Amino acid sequence: MQSTCMYCCKGEALKSLMVYICDVDGFPLYLNRNQAHKGRVVLVCDSHIPKIAEMTQEKAEAFFSAVHKVCGALTKVFAPDQINIGMYGDTVTHVHCHIVPKYRGDVDWNGVFQMSPQPPVCLNEGELQARAEAIRNAL
């Protein structure tokens with residue numbers, strides 16, 4: 001655990017950006033509070049590993065299997081036209097995967113998704129929890 005990592009600490013920095021949904025095969029899954037991309041989530045490695053290349057083969061296979069399951073659940077719930085996957089690690093050095101449903105004619109279609117799309121689509125807590133529950137039920 002890194003004391004400065006928001007995914008390790010699970011404190012206010014994380015809670016201000018995301019809502020916990022559930023664990024998928026042991027990996028925490030979060031719903032982004034900014035839902036400009038309807039259904040956007042982040043799947044996080046269960047331990048502080050800074051780079052994909054530093055994961056064991058077994059952990060990498062389990063992580064990407066969980067990514068696949070999440071994509072299936074998002075497809076069931078939101079019926080996106082495509083799902084984009086992004087893994088960066090420049091700023092937050094804890095392996096995590098942005099899983100971003102995309103819709104024709106909507107924000108960032110035919111382009112790379114923005115980290116903080118504008119204008120933000122901010123749902124209330126009840127709406128966020130309903131979205132999280134729908135994803136949880138589809139997994």
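Trainee: Is Y88 buried, partly exposed or exposed?

Mentor: This is a predicted model, in which local features need pLDDT of at least 70, side-chain atom pairs count only at pLDDT 80 or more, and totals for chains, interfaces and linings use all residues. Residues are numbered from 1 along each chain as its sequence is written, and side-chain values use heavy atoms, with hydrogens and water left out. Buried means under 20% relative accessible area, exposed over 50%, and partly exposed in between, with a 1.4 Å probe and protein chains only. Y88 has a relative accessible area of 44%, so the residue is partly exposed.

Trainee: With which residue does Y88 form an aromatic pair?

Mentor: Rings of Phe, Tyr and Trp (its six-membered ring) pair if their centres lie within 6.5 Å; planes under 30 degrees apart count as stacked, over 60 as edge-to-face and the rest as tilted. For Y88 the centre-to-centre distance is 6.4 Å and the planes stand at 70°, an edge-to-face pair whose other member is F113.

Trainee: Which parts does the pair of Y88 and F113 tie together?

Mentor: Helices (H or I, at least four residues) and strands (E, at least two) are DSSP runs, numbered from the N terminus. F113 is buried, because its relative accessibility is 5%. The pair ties together parts that are 25 residues apart in sequence, since Y88 lies in the loop between strand 4 and strand 5, and F113 in the loop between strand 5 and helix 4 (125-138).

Trainee: How many aromatic pairs are there, and what is the angle between the planes of F27 and F63?

Mentor: The count by this rule is four aromatic pairs. F27 and F63 are both buried, and F27, F63 and F64 form one aromatic cluster. The centres of F27 and F63 are 5.2 Å apart, and this edge-to-face pair has an angle between the planes of 90°.

Trainee: What is the strand order of the open sheet?

Mentor: Two strands pair if DSSP finds at least two bridges between them. Strand 1 and strand 2 (residues 27-32) run antiparallel and are joined by six bridges, with C22 opposite L29 in strand 2. The open sheet has five strands with antiparallel pairing, in the order 1-2-3-5-4.

Trainee: Which residue lies over the face of Y103?

Mentor: A charge sits over a ring if NZ of Lys or CZ of Arg is within 6 Å of the ring centre and within 35 degrees of the ring normal. At 5.3 Å from the ring centre of Y103, the residue over its face is K38.
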